[in-house]
Amino acid sequence: MPKQHIIYIISHVNKSLGLEWTLSELKKKYELTVLLLNIENSSFEDFLTKNKINVIRIYYNGKQNIVTAFIKVFWFFLKLKPDIIHTHVFDANLIALTAGRLCGIKKRIYTRHDSTYHRRYFPKGVKYDLWCNKMATHIISISQATYKTLVEFENVNPEKIRTIYHGFDLRHFDSIDIKNSNKIKLKWNIPDNHPRIGVIARYIEWKGIQYIIPAFKDFLKKYPDATLILANAYGPYHNQIVQQLETIPESNYRIIPFEEDVAALYKLFDIYIHTPIDSLCEAFGQTYIEALAAGVPSVFTLSGIACEFIEHEKNALVVNFKNSNEIYKEMIRLQSDKDLANTIALNGKQFVQKFNLERMINDLEKLYNE
């Protein structure tokens, strides 16, 4: 029996460990093609090529290219005649699901990677989410946040939705060569001083970084050698974050715009903090899983997937939304109570085992084979 042919269509992704792991596994059982809607070559594309996954890049630089990209995607679908298309990220969803519908592809799947982003910041974009929902035959929800958004806010029939959590190669965060972490330390001029407080989040208002910096400023009064490490440090909230950083000494923070070896970066942190501002703004929050898989004692607010498995004082310390004072107090607890820090770090590694890669691949196969 011939293998099913699946085309993944992905837009504006330069690096994604999750997609790399997923595609590497799926190519063992399916005929697989990847269409990338990107401006130029990327680390992700290099990975696909190196691992002999058929990849085609279509030049795409936003809405000014949308008609051209749509025509090319439509043509590829007619030429390749896939059994299934599976799209990731908004532009790919909009273009490929529509093209797939017009081409008569019977199974059109998209993974919902955002929850209330358009509703909160770009209300005009909601109509495009609704369109993608209509064009898809199946929608993958990755957490309670995306499920609630789809069903309660966008009136999607629950029968159209499949809940499939992101899967992780958890060994990747557990078996890190110390040499790799030392290379990152040198690369970004991270001092030997401790404690090191890690944050991996884009500069976006809803990520809540603006509540972490004041907490760190107070933390410095007790631990003057501490270093705040802000990674993935770019985005529309840049000016506000920079203004806050001016209130602490430059020697006490480091800015990392992007680091590809994120697992080795986590290993440099003594405490990790991730504090989105409400329960729905984080669609999933891969960083919750990554930090715990790396064994870093963490302070969290409950958003996205964290609402479904994080327990206060069991696998992390939980604070209320938009509360710098609570963040500060829990940082102090973790730094001063090593037994507590070690316990939640060990528990955290156990709790994230359910987000293993094998479970996600099995769930995807069930959907593809329905």
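1. In this predicted model, the largest nonpolar core comprises 63 residues, of which Tyr8, Val34, Phe173, Tyr266, Ile289, Leu364 and Tyr368 touch the most other members. Several elements supply at least two residues each to this core, including strand E1 (5–11), helix H1 (17–26), strand E9 (227–231) and helix H13 (286–293). Helix H16 gives the most, with six residues.

2. Leaving aside residues up to four places away in sequence, tyrosine 266 touches Phe173, Ile200, Tyr272, Thr287, Glu290, Ala291, Ala294 and Val296.

3. Leucine 220 is found in helix H10, which spans residues 209–222. Leucine 220 counts as buried because its relative accessible area is 11%, where buried means under 20%. If residues up to four places away in sequence are not counted, leucine 220 touches Ala226, Ile248, Pro249 and Asn252. The C-alpha atoms of leucine 220 and asparagine 252 are 8.5 Å apart in space, although 32 residues separate the two in sequence.

4. The model also contains an open sheet of seven strands with parallel pairing, in the order E3-E2-E1-E4-E5-E6-E7. Strand E3 (54–59) and strand E7 (161–163) form the edges, each pairing on one side only. On average, neighbouring strands of this sheet are turned by 20° against each other, direction ignored.

5. Within the sheet, strand E2 (residues 31–38) runs parallel to E3, and six bridges join the two. Leucine 37 has isoleucine 58, in E3, as its bridge partner.

Methods
Residues are numbered from 1 along each chain as its sequence is written. This is a predicted model: local features need pLDDT of at least 70, side-chain atom pairs count only at pLDDT 80 or more; totals for chains, interfaces and linings use all residues. Side-chain values use heavy atoms; hydrogens and water are left out. Two strands pair if DSSP finds at least two bridges between them. Helices (H or I, at least four residues) and strands (E, at least two) are DSSP runs, numbered from the N terminus. Axes are lines fitted to C-alpha atoms, for helices over the stretch in contact, and angles run from 0 to 180 degrees between N-to-C directions. Buried means under 20% relative accessible area, exposed over 50%, partly exposed in between (1.4 Å probe, protein chains only). Contact means heavy atoms within 4.5 Å. A nonpolar core is a set of buried Ala, Val, Leu, Ile, Met, Phe, Trp, Tyr and Cys residues joined through side-chain atoms within 4.5 Å.
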